[in-house]
Amino acid sequence: MSDGYLAIARKWRPRTLEEMAGQTHVTRTLGNALASGRLHHAFLFTGARGVGKTTAARAFARSLNCMKGPALTPCGECTPCIEIPNGTSPDVIEVDGASNNSVEDIRDLRDGVRYLPSSGRFKIYVIDEVHMLSKGAFNALLKTLEEPPPHVKFIFATTEVNKIPETILSRVQRFDFKRIPGPVVAERLRLICDAEGVQVSDAALRMVARAGEGSMRDSQSLLDQVISFGGMSPTDEQVTQILGLVDRRVLYEMLEGLLSGDAARCLDAVAAVYESGYEIAQFTGELLELVRDTALVALSPKAERHMDAPVEERERLGRLAQGVPAEQLARTFHVLLEVHDQVARASRPRMVLEMAVARLVSIRPAEPVGVLVDRLADLERRMRGGGAAPPRPRGRESADDPEGERRR
Ligand SMILES: Nc1ncnc2c1ncn2[C@@H]1O[C@H](COP(=O)(O)OP(=O)(O)OP(=O)(O)O)[C@@H](O)[C@H]1O
Ligand SMILES: [Mg+2]
Ligand SMILES: [Zn+2]
């Protein structure tokens with residue numbers, strides 16, 4: 001990468017609350033508070049890593065101190081608007097709770113609170129990783145937090161809200177940041193790629209977003225990796241490779257093989273996974289997810305909103321689900337769950353999976369009740385009359401009663 005290269009996550013950090021992806025429950029409430037002027041004096045932002053806590057803290061500080069504000073949309077031109085995103089505003093004091101966690105550190109902060117802001121409206125203390133403060137430090141903070149001077153605002157951020165004392169929690173307005181849904185992350189990645197001139201498919205961005213597990217920062221870092229590996233037009237294969245994902249085609253081969261009882265197709269898929277060097281356990285994990293998705297599609301078209309699969313895949317799953325009874329899907333899932341656990345512990349995971357294929361392809365739905373009733377009646381007749389009933393056409397029946405195994 002060139003000298004001036006800035007990681008995507010840094011370069012694309014939103015500068016306003018409105019620009020943030022997801023977290024609308026947070027931005028809307030803050031926006032209302034800004035508009036009405038009913039502003040609490042202390043805020044706590046909690047949630048998983050990389051979902052926008054620090055970003056929102058800075059953007060909110062900007063909204064608070066914009067000379068044309070306070071406003072949800074800051075003007076972007078005044079001194080605070082320019083200084084705050086650069087971290088050079090004298091009125092926005094960012095404290096890293098992890099390294100400034102002593103009583104003395106908080107006493108210093110408390111002393112500073114008395115002085116008026118130099119140019120902005122408020123003096124804003126952003127304490128990141130606030131859960132790292134010592135017990136004494138929290139106590140030293142209490143009094144100030146209870147009755148700060150009117151020109152002071154506190155914004156705390158933490159990933160571990162359970163480590164914050166009740167006494168602090170009861171004095172702040174709390175906002176829980178959520179993991180960002182895959183499609184929302186993908187949409188943001190699309191915006192970034194378009195602006196950066198990176199040509200990549202929607203499917204690939206969905207994969208990146210899935211791998212980021214709801215963290216925008218992680219997803220953006222993965223996108224950085226994809227670009228440094230695949231250049232400005234990374235292919236889906238490259239993305240799959242860099243993410244360490246199993247090729248979706250192989251997953252579908254396996255799924256279709258399992259559901260149609262085609263053992264050879266399954267074994268080919270297992271071999272393909274093994275040869276490309278993927279973890280077998282990762283494969284069974286993704287397969288489980290796919291079986292679950294198929295079951296959901298079979299259950300109800302509305303279940304789609306609980307799925308992370310891209311639209312094309314949902315249609316494919318829908319077609320697959322049509323030919324397969326729900327019970328077969330449920331049993332396949334349960335057996336596969338066991339297999340997945342075994343595979344994860346096995347020293348020869350490939351063999352474990354190959355052996356499991358035999359068990360999995362034999363899963364068939366139990367026969368419809370009508371057929372069973374017929375068969376019972378038939379048996380009864382035979383017992384009573386001693387003579388065999390006239391032969392009736394039957395689909396699958398063999399001497400060693402495979403149903404016994406099936407219905408176990
Ligand atoms: N909701 C979001 N919308 C757009 N970009 C986001 C969002 N959340 C995070 N990002 C991106 O991810 C980067 C990291 O976000 P941020 O520092 O706000 O996360 P955080 O929640 O404070 O994480 P941590 O707990 O690790 O401190 C930002 O620079 C930004 O580019
Ligand atoms: Mg942060
Ligand atoms: Zn401004």
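Modeller: Domain bounds here come from an automatic or database domain assignment. That assignment gives the protein domain 1 (8-176), domain 2 (182-243), domain 3 (248-361) and domain 4 (370-406). Ligand 1 lies between domain 1 and domain 2, because both give residues to the shell around it. The model is predicted: local features need pLDDT of at least 70, side-chain atom pairs count only at pLDDT 80 or more, and totals for chains, interfaces and linings use all residues. Residues are numbered from 1 along each chain as its sequence is written, while chains are lettered from A and ligands numbered from 1 in the order in which they are written.

The shell holds 23 residues, a residue being near a molecule or strand if its C-beta atom, placed from the backbone, lies within 6 Å of it. Arg13, Gly52, Lys53, Thr54 and Thr55 are the closest. Helix H1 (8-11), helix H3 (53-65) and helix H10 (216-230) are the elements that give two or more residues to this shell; helices (H or I, at least four residues) and strands (E, at least two) are DSSP runs, numbered from the N terminus. By type, the shell has nine nonpolar, eight polar and six charged residues. Here Ala, Val, Leu, Ile, Met, Phe, Trp, Tyr, Cys and Pro count as nonpolar, Asp, Glu, Lys and Arg as charged, and the others, Gly among them, as polar.

Glutamine 23, in the loop between H1 and helix H2 (24-36), has phi near 55 degrees, a positive value in a residue other than glycine. Glutamine 23 is buried, with 24 other C-beta atoms within 10 Å; the cut-offs are 20 or more for buried, 12 or fewer for exposed, and partly exposed in between, with C-beta atoms placed from the backbone. Glutamate 213, in the loop between helix H9 (202-211) and H10, also has a positive phi, near 50 degrees, but counts as partly exposed with 15 C-beta neighbours inside 10 Å. In the loop between H3 and helix H4 (79-86) lies proline 70, and the peptide bond to it from glycine 69 is cis, with omega near 0 degrees.

As for the whole protein, the C-alpha trace spans about 105 × 50 × 40 Å along its principal axes. The C-alpha centres of domain 1 and domain 3 lie 46 Å apart. Of the 408 residues, 34% count as buried.
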